[in-house]
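Visitor: Please take one part of this model and go through it slowly. I would like to follow how its pieces are put together.

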Amino acid sequence: MTTETQSTEERTQKLEGLGTRRKRVEDVRFTQGKGNYIDDFKLSGMLFGAFVRSPYGHARVKSINKEGALALPGVRAVLTAEDLKPLKLHWMPTLAGDVQAVLADEKVLFQGQEVAFVVAEDRYVAADAVDLVEVEYEDLPALVDPNQSMAAAALVLRDDLQGKTSGAHGPRKHHNHIFTWEVGDAEGTARAISDAQVVATERIVYQRVHPCPLETCGCVASMDKVNGHLTVWGTFQAPHAVRTVASLISGIPEHKIRIVSPDIGGGFGNKVGVYPGYICSIVGSIVLGVPVKWVEDRMENLQATAFARDYHMSGEIAATQDGRVTALRVHVLADHGAFDACADPTKYPAGFFSICTGSYDIPVAHVTVEGVYTNKAPGGVAYRCSFRVTEASYFIERMIDVLAQAGHGPGGSTAP
Amino acid sequence: MAETHIKLTVNHRDVEILAEPRLLLIHLLREKLGITGPHIGCDTSHCGACTVDMNGKSVKSCTVFAVQASGAQITTIEGLVGADGSLHPLQEAFREHHGLQCGFCTPGMITRAYRLLQENPNPSEGEIRQGISGNLCRCTGYLTIVRAIRAAAEQLSNAREAAE
C-alpha cells in the first residue's frame with residue numbers, strides 16, 4: 001500500500017470508478033467487422049428458410065399449391081399450417097396470453113402474415129420458391145380502424161376465439177374485444193369532473209410506430225436428433241421467453257433447449273417477441289435434420305414484426321379557475337392488431353400506463369384501457385423499454401398543455 | 001443459372017470466383033468469401049450498413065451485382081486493419097469516442113468515413129454530417145460518430161505533417 005498522495009486523476013484511473021471514461025471491450029471486435037450477428041452464422045449443411053406472405057389484410061385461404069416450389073432444384077421443404085397441425089405447432093402462445101398463428105390457419109388477418117415457409121439450399125433459391133407457391137385467397141373486407149372494431153356489425157376477425165367470453169385479462173364483451181383494464185376511482189373522478197369549474201378535453205392519437213432496429217430479426221435453429229437437444233441462435237432480447245415458448249409448443253423439455261443471443265444489431269423492443277420465423281426454423285430443422293436459418297428482410301421486418309404504441313386516448317382534465325388540477329380521466333382504445341402480442345412488465349395488460357398522472361398533484365383519477373383486434377400486424381411492444389410510459393407521459397403533458405392553453409394552467413393565464 | 005467467371009481484388013487479395021449474374025456484391029462478400037464485416041440492414045440502399053469501397057468510391061454493396069465488381073479493387077472494414085493487426089485511426093477513434101453501440105452500422109459507417117477523409121482530409125462538422133448522410137445509425141444519435149470522425153481526421157493530419 002503506497003503512502004504517496006496521488007492526484008485525483010491518478011486515483012480515479014486506478015479505481016476505475018464512476019466518472020471515469022471507459023473504452024468498451026466489445027468495440028475492438030465491432031470496429032473491425034468481427035461482430036457475430038445472426039446472419040454471420042454458417043453451420044455445416046445449413047439451409048435457408050423464407051416466407052410466403054399474405055398480400056391481403058383479411059382473406060380466407062382457399063388453397064395452397066406447393067408443387068411448383070417443391071419441383072425447383074434446391075428446395076427441400078414447403079411447410080403450411082396443414083403440415084404443422086398434426087404436431088399442434090400451427091398456433092403459438094404470445095407474451096400477452098393470447099395465441100398467434102405460426103402459419104395462417106384458414107384465414108390471414110394482416111398484410112404480410114406468414115402463410116407458408118419454404119426451406120431451400122440458399123437464400124436465392126428460397127426466394128424463387130416463395131414466388132412459386134400458389135395461394136388462392138378469398139378477399140374479405142379489412143378492419144383497420146380500431147374505433148370500428150367493436151361496432152355491432154363489425155366482422156369477426158378471430159374465428160378461433162368465437163364463443164370465448166373471457167380472455168387472459170378478464171371478460172370479453174365483443175368478438176373483437178381483447179380486454180378492459182381499469183384503475184383508479186371511477187365515482188370520485190366522475191364527481192370531481194362534474195363539479196369542476198373548468199374541464200378541458202382532448203383526443204390524442206399516439207400513432208403506431210415500428211422500433212426498426214438496423215439488424216432485422218432472424219435465427220438459426222439446429223435440432224440434434226441423436227441426443228434430442230435443440231439449439232437456437234437468434235436475435236432474442238428475451239431468450240428465456242423464447243425457450244419457454246419453444247418448449248411449450250414443441251414438447252421438448254426446457255433443459256434440452258439451448259437459446260443463444262449472439263451480438264444483436266439493436267432491438268428497441270422489436271426483438272422481445274416470439275415470431276413465426278423462429279418456430280418455423282425449429283420445425284424445419286426437426287423435419288430435415290439439419291440447421292435452418294431464417295433472416296427476414298427489411299420490408300418483412302416493417303410489415304410483420306412487432307410494432308409499438310397505437311394508443312387512441314380520450315382525456316378529460318378538471319381544474320379550478322386559478323389552475324389547480326382537481327381530476328383526470330382517460331379512456332384508451334388500444335389497437336393490438338390481429339393477435340395480442342404485447343410485451344408487458346407485469347400481469348397488467350397496459351404496462352405502466354397507470355403512471356399517466358405524471359408528476360402532478362392530482363387528487364383523483366380514473367383510467368380505462370380497452371384492447372381491440374384489427375387487421376394489422378400484432379405487437380404492442382415496449383419500444384425503447386417504455387412499457388406504455390411514453391404514451392402515458394405524452395398524454396399527461398399534452399393534457400396540461402391543453403388546460404394551460406385554455407388559460408387555466410398552473411401559473412394562470414398566459415394570454416398573448 | 002449460368003455462372004460468370006469474375007476476378008477482383010478484395011482487401012489486397014486476388015479472388016477468382018464463379019457468380020450468378022443476379023448475385024449481389026454483399027452476398028458474394030458475406031456468403032462466398034466469408035467477409036461478414038459489411039452487413040445487410042435494409043436491402044434497398046437506404047441504410048448503408050453494407051457500404052464498401054470499390055475503386056476509390058463508397059458503394060452500397062446490396063445494390064451492386066457481383067459481376068459489376070469484376071476487375072474492381074474492393075476494400076471492406078476488414079481491409080482497414082493493418083497487416084500487424086493494428087487498428088486504423090478511424091477504428092480507434094470510434095472506440096475512443098463511443099461512436100457505436102450495437103455495432104451493426106459501424107463497418108459501413110467507418111468504411112464510408114474512410115473514403116470521406118480521402119476526399120476531404122479536413123472536413124467540418126457539417127461536411128462530416130453531409131458525408132455520412134447515406135449511413136444510418138439507430139443507437140448513437142450521430143453526435144459521437146461525428147466526433148470520432150473529426151478526431152480521426154485530426155490524428156491523420158498530424159501524422160501527415162509529422163511525416164513531411
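**The sheet and helices of chain B**

Guide: In E5(B), B:Ile74 is the bridge partner of B:Met54. Here helices (H or I, at least four residues) and strands (E, at least two) are DSSP runs, numbered from the N terminus. This is a predicted model, in which local features need pLDDT of at least 70, side-chain atom pairs count only at pLDDT 80 or more, and totals for chains, interfaces and linings use all residues. Residues are numbered from 1 along each chain as its sequence is written, and chains are lettered from A and ligands numbered from 1 in the order in which they are written.

The strands that hold this pair are E3 (residues 51-54) and E5 (residues 73-75) of chain B, which run antiparallel and are joined by two bridges. Two strands pair if DSSP finds at least two bridges between them. Both strands belong to an open sheet of five strands in chain B, with the order E2-E1-E5-E3-E4 and mixed pairing. At its edges are strand E2 (13-19) and strand E4 (57-60) of chain B, each of which pairs on one side only. On average, neighbouring strands of this sheet are turned by 40° against each other, direction ignored. For such angles, axes are lines fitted to C-alpha atoms, for helices over the stretch in contact, and angles run from 0 to 180 degrees between N-to-C directions.

Next comes a helix. H3 (residues 106-119) of chain B lies across E3 and E4 of chain B, and runs at about 35° to E3(B). Two residues are in contact if their C-beta atoms, placed from the backbone, lie within 7 Å.

H3(B) also packs with another helix, H2 (residues 89-96) of chain B, at an angle of about 130° and with their axes 10 Å apart. H2(B) and H3(B) are therefore oblique to each other; angles under 35 degrees count as roughly parallel, over 145 as roughly antiparallel, 65 to 115 as roughly perpendicular and the rest as oblique. The crossing of H2(B) past H3(B) is right-handed. From H2(B), the contact is made by B:Leu90, B:Gln91 and B:Phe94, and from H3(B) by B:Thr106, B:Ile110, B:Ala113 and B:Tyr114. Five residues of the contact of H2(B) with H3(B) are nonpolar, two are polar and none is charged. Ala, Val, Leu, Ile, Met, Phe, Trp, Tyr, Cys and Pro count as nonpolar, Asp, Glu, Lys and Arg as charged, and the others, Gly among them, as polar.

Key. A crossing is left-handed if the near helix is turned anticlockwise from the far one by less than a right angle, and right-handed if clockwise.
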